[in-house]
Amino acid sequence: MRCAVEEEIHLPDISFCRVCENAYGINRGVYNTIDEYFYLRGHRDIVRRRKLILSFLHFIGETPVKLNKKSCYKFGHGGLIEKLDAFTNTRLS
């Protein structure tokens, strides 16, 4: 039997996005930006990319981030890409 994370990464896109929203407080727009960031950097395999997305969301969960009243991450202008770059530089190099 596969663990919950293994099951989650195989969900349809909208369902996986909801998992990210419920567990990490990111909206679909942020999810799409993260997904596109990894895709454009050569991570074409959807399973690998979703594992990277979850790893990144865990990474930002370890660092202080401002939450708004809806408990969603707020990155500010360019903040999401800065966090993605920091993740890429520390975890993928």
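# Notebook: core, helices and salt bridges

I started with the largest nonpolar core: it has 21 residues, and Cys20, Ile34, Phe38, Ile53, Phe56 and Leu57 touch the most other members. By nonpolar core I mean a set of buried Ala, Val, Leu, Ile, Met, Phe, Trp, Tyr and Cys residues joined through side-chain atoms within 4.5 Å. Buried is under 20% relative accessible area, exposed is over 50%, and partly exposed is in between, with a 1.4 Å probe and protein chains only.

Housekeeping before going on. This is a predicted model, where local features need pLDDT of at least 70 and side-chain atom pairs count only at pLDDT 80 or more, while totals for chains, interfaces and linings use all residues. Residues are numbered from 1 along each chain as its sequence is written, and side-chain values use heavy atoms, with hydrogens and water left out.

**Overall layout.** I find five helices and two strands, in the order α-α-α-α-β-β-α along the sequence. Helices (H or I, at least four residues) and strands (E, at least two) are DSSP runs, numbered from the N terminus. Of the 93 residues, 31% count as buried. I also looked at contacts, meaning heavy atoms within 4.5 Å. Among those between residues at least 6 apart in sequence, 57% join residues at least 24 apart.

What does Leu57 touch, leaving aside its neighbours within four places in sequence? I get Cys20, Tyr24, Ile26 and Ile34.

**Helix α2.** α2 has twelve residues and spans 16 Å from its first C-alpha to its last, close to the 16 Å expected at 1.5 Å a residue. The expected span is 1.5 Å times one less than the number of residues. Phe16, Cys17, Val19 and Cys20 are buried in α2. They cover an arc of only 155° around the axis, which puts them on the same side of α2. The arc is taken from the directions from the helix axis to the C-beta atoms. Just after α2, Gly25 has a positive phi of about 70°.

**Helix α3.** α3 has 13 residues and reaches 18 Å from first C-alpha to last, close to the expected 18 Å at 1.5 Å a residue. Its buried residues are Val30, Tyr31, Ile34, Asp35, Tyr37 and Phe38. The buried residues of α3 pack against α2 (13-24), α4 (46-61) and α5 (79-91).

At its start, a side-chain oxygen of Asn27 comes to within 3.0 Å of the backbone nitrogen of Gly29. Just after α3, Gly42 takes a positive phi of about 95°.

**Asp35.** Asp35 sits in helix α3 (residues 28-40). Is Asp35 buried or exposed? Asp35 counts as buried because its relative accessibility is 15%. Beyond neighbours within four places in sequence, Asp35 is in contact with Arg49 and Ile53.

**Salt bridges.** My search of the whole structure gave three salt bridges, with a side-chain nitrogen of Lys or Arg within 4 Å of a carboxyl oxygen of Asp or Glu as the criterion. Side chains of opposite charge can pair when their charged atoms come close.

- Arg49 bridges to Asp35, with the closest N and O atoms 2.6 Å apart. Arg49 lies in helix α4 and Asp35 in helix α3, so the pair ties together parts that are 14 residues apart in sequence. Both Arg49 and Asp35 are buried.
- Asp13 pairs with Arg28, closest N and O atoms 2.9 Å apart. Asp13 is in helix α2 and Arg28 in helix α3, 15 residues apart. Asp13 counts as partly exposed at 30% relative accessibility, and Arg28 is partly exposed at 32%.
- Asp13 also meets Arg50 in a salt bridge (3.3 Å, N to O). Asp13 lies in helix α2 and Arg50 in helix α4, so this pair ties together parts 37 residues apart in sequence. Arg50 counts as buried at 5% relative accessibility.

Shared partners join Asp13, Arg28 and Arg50 into one network of salt bridges.

Conventions. A polar contact is a pair of N or O atoms within 3.5 Å; within protein, one must be able to donate a hydrogen and the other to accept it, and residues adjacent in sequence count only if both atoms are side-chain atoms.
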